[in-house]
Amino acid sequence: MLVVDHVTKKYGTSSWFHRNKPAKSALSDVSFTVEPGTCMGILGESGAGKSTLGKIILGLLPPDSGSVRFEGVDLYRSDRHTRKKIRRNLQVVFQDCYSAVNPRMTVRQIIAEPLRNFERLSAQQERSIIVELLETVGLAAEHLDKNPRQMSGGQLQRVNIARAIALNPKLIVLDEPLSSLDMIVQKQILQHLNELKDSKGLSYLFISHDVMAVNNLSDRVAVLDKGMIVESMEANAMFECSHPSSQRIIHAIHEANRLGP
Ligand SMILES: Nc1ncnc2c1ncn2[C@@H]1O[C@H](COP(=O)(O)OP(=O)(O)OP(=O)(O)O)[C@@H](O)[C@H]1O
Ligand SMILES: [Mg+2]
């Protein structure tokens, strides 16, 4: 369904002061595929290029070379109409739930936004869809008219997930969606994500530096090190990985998770 093919990305140095510095390679020759209804975990240390990869897959950042194909269509070589159709099927949930939303909007408005962009619904239809979406992520209708500041991080992240699934997308990029939440809330949200994957046949690209969370949600895992995929494997074979870099990364990340922040 998603084919990432030999993607390379360098960030240039735009300032005059740094003009002689060589452009920094954020991704080098990254290739992998995501099958329908499966989750691909992307593990890597800070600065490995995970978010850059997420943005490229969402159509937000053109790669320098290589391609991203979604259901056979090249994201960066298609016309506007096709891109809009693809965009509907590609959604995202970011780590920082508060900055992902407009603080002046209510929960109802936040979830209604994608629906209003793509659907023509009556006020009543819209409300019942929003309530249903909230229930899917374990929230009740009583939250409809609250604004982000009146929600906990875990509740607001659920609202972000409800917004991401509002248009029945096929793929959701989850860029460290659990990192700012406590362990109990992380577990509950992982369970909702797992249920959604099974009930809706959703696919995920799950970017994380939490080995156990990746293990819980993913079918396959790719280890990204300094912009390169050093190894990819079945999620349940993660601890038997063979490449020295992935062993080092997986164990370093696992140790850091165990010790806590
Ligand atoms: N807009 C940008 N301009 C210049 N360099 C950037 C930009 N965004 C990211 N980089 C650099 O590209 C590399 C990869 O960054 P990226 O944000 O993709 O890493 P990451 O794996 O998501 O890290 P983290 O786990 O900290 O979120 C880093 O060295 C970073 O400094
Ligand atoms: Mg990142």
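A residue is called buried if 20 or more other C-beta atoms lie within 10 Å of its own, exposed if 12 or fewer do, and partly exposed in between, with C-beta atoms placed from the backbone. Helices (H or I, at least four residues) and strands (E, at least two) are DSSP runs, numbered from the N terminus. The model is predicted: local features need pLDDT of at least 70 and side-chain atom pairs count only at pLDDT 80 or more, while totals for chains, interfaces and linings use all residues. Residues are numbered from 1 along each chain as its sequence is written, and chains are lettered from A and ligands numbered from 1 in the order in which they are written.

By this criterion, five of the five residues of strand 7 (residues 171–175) are buried. In a regular strand the side chains alternate between the two faces of the sheet. In strand 7, Leu171, Val173 and Asp175 are buried on one side, and Ile172 and Leu174 are buried on the other.

Strand 7 also has strands beside it; two strands pair if DSSP finds at least two bridges between them. Strand 6 (residues 90–94) pairs with strand 7 in the parallel sense over five bridges, and Asp175 is the bridge partner of Phe94. Strand 8 (residues 203–208) runs parallel to strand 7 and is joined to it by five bridges; here Leu174 has Phe206 as its bridge partner. Together with helix 6 (residues 183–200), strands 7 and 8 make a right-handed β-α-β unit, meaning that, with the strands pointing away from the viewer, the path from the first strand over the helix to the second runs clockwise.

Another sheet is open and antiparallel, with four strands in the order 2-1-4-5. Strand 2 and strand 5 (73–74) stand at its edges, each with a single partner strand, so one side of each has no neighbour in the sheet. Strand 5 pairs with strand 4 (residues 65–70) in the antiparallel sense over two bridges, and Val73 is the bridge partner of Phe70.

The shell includes Tyr11, Lys24, Lys50 and His209. Strand 2 (24–34) and helix 1 (50–57) are the elements that give two or more residues to this shell, and helix 1 provides the largest share, three residues.

Finally, Asn216 lies in helix 7 (residues 211–217). Asn216 is partly exposed because 18 other C-beta atoms lie within 10 Å.

Technical notes:
A residue is near a molecule or strand if its C-beta atom, placed from the backbone, lies within 6 Å of it.
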